[in-house]
Amino acid sequence: MLLSMSIANFKSVKSKQTISFEAVKDNRLDKNKVICVNDRMNVIKTSAVIGPNGAGKSSFVRALEVLKRIVTSPEDVANPLSSSLSGTVFAYGIDKATPAEISIDVLLAKGKDDDLENNPTVIARYTLVANREKIFEESLYYVVNGSKKIMFERKAEGEGYKYRFGKLYRGEKKRAAKNLSETKSFLQASALTGGLTSGELYSWFVNTLNILPMGVGTQAEQFVAAMLEKHPGWGDMLVNYLWALDITDIRRVGTKTKEDGSKIVVFTHVYVNDKKVDGYSQSFLMESLSLRRIVAIGVAFFESFVKEKVLLIDDFGQLLHPDLLCHLVEIFEDCNKQSQMLVVDCNPSLLRENLLRKDAVWFAQKDAESSTVFYSLSDFKGRSKASYSARYMQGAFGALPVTSDFYFLHDGTPVEDEAFVKEEE
């Protein structure tokens, strides 16, 4: 489970910003919307970052995406930093070589309340400081029952690195560090050489963190096809899922093999023609953009229902009706017992009453320096009869677009309003 994340000097974020996914201790908030870790910790099932277009809402998603790409890069890629961090350092900084900083807290072991000594709560705290050419700092700490313990630390020093290892670190040290490129992470290198300590977090990046493809094209189709090939029964489940969203003309979803061996997704539609049931088949890329989006989200949901996942969805409401968007959150909340979801959107319908907990909502907006800042809905105290959605639209929480008049200039010359000119004369 992802407990928190901090970023600095990344995309539109300048000073350090942190989002927490741990539930606050408030008995007035819905306990069904959290995952109970132990007596001292609950994790929010669904969290949302809301704000206007261009406010930098997606920075946290992109940062996790960058971290995963660097840590899990193929061994034949000489510099995973170059492609991963290209264009992501702080856009408003003077020195583009200043490194970005990304830090995450991941729950590795829940612990047992009645036996914490033998079954402790273990949190991995991983930090990476890098630009497109070099890793300047990398560290992994374990927080064991609240006590912070170093696993490894790597800091640039002169032309090389200075390493520190904790007593609890298990795995190769010299072999993993020897001749390690300044563009490669030690976490990956030590995990791939059999390091038990690094391997736990590395496995989380590979198997648990799931970032849904942004678009609705071939990448989304490949994701859906791969899941249907792995879980053939999910085709029928998708039909039921679509019915729950009032899409009732699809009777089958499956895959088809092309001549080149690749898989495509095919939908079978039915309709009534002269009191007879007729039908036709259509490929994924021929369907509406909204249907493709709904299906990709559905398959990602299914995977989260059967194994623990941290699901990230950027532009969650893209192409979707506000009521359908809210129902998708309800489906995830009702069916999910073990996974988390972080969504990013500018749609205020996510503030609908009883949809998300107060501590699950974060806002994003630009400050006076055009740098993105994040803050929680739970930071706002006091009572009001108005709904969160109504108060947000009234400006109570900020994070609203500031609009102004626009005037079109034709070839640089103002287009005069003839009626206005005559009135002036």
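The paragraphs below take up the pockets, then the cores, then the backbone.

This is a predicted model, in which local features need pLDDT of at least 70 and side-chain atom pairs count only at pLDDT 80 or more, while totals for chains, interfaces and linings use all residues. Residues are numbered from 1 along each chain as its sequence is written, and side-chain values use heavy atoms, with hydrogens and water left out.

A pocket here is an open set of points on a 1 Å grid over the protein atoms alone, where a 1.4 Å probe fits and protein lies on both sides within 12 Å along at least five of seven lines; lining residues have an atom within 4 Å of a point. A volume is the space filled by probe spheres set on the points, which are joined across faces, edges and corners. The largest pocket has a volume of about 650 Å³. Its lining has 28 residues, of which Arg28, Leu29, Glu353, Lys358 and Tyr388 are the closest to its centre. By class, this lining holds twelve charged, eleven nonpolar and five polar residues (Ala, Val, Leu, Ile, Met, Phe, Trp, Tyr, Cys and Pro count as nonpolar, Asp, Glu, Lys and Arg as charged, and the others, Gly among them, as polar).

The second largest pocket has a volume of about 400 Å³. Among its 16 lining residues, Lys68, Asn210, Ile211, Pro213 and Gln219 are the closest to the centre. Helix 1 (59–71), strand 11 (209–211) and helix 6 (218–230) each supply at least two lining residues, and helix 1 gives the largest share, four. Helices (H or I, at least four residues) and strands (E, at least two) are DSSP runs, numbered from the N terminus.

A nonpolar core is a set of buried Ala, Val, Leu, Ile, Met, Phe, Trp, Tyr and Cys residues joined through side-chain atoms within 4.5 Å; buried means under 20% relative accessible area, exposed over 50% and partly exposed in between (1.4 Å probe, protein chains only). In the largest core, of 58 residues, Tyr241, Phe301 and Phe363 touch the most other members. Helix 8 (residues 289–306) provides the largest share of this core, nine residues. Apart from it lies another core, of 55 residues, including Ile19 and Tyr161.

Most residues other than glycine have a negative phi. Asn9, in the loop between strand 1 (2–8) and strand 2 (17–20), has a positive phi near 55 degrees. Asn354 also has a positive phi, of about 70 degrees. Asn9 counts as buried because its relative accessibility is 15%; Asn354, at 69%, counts as exposed.
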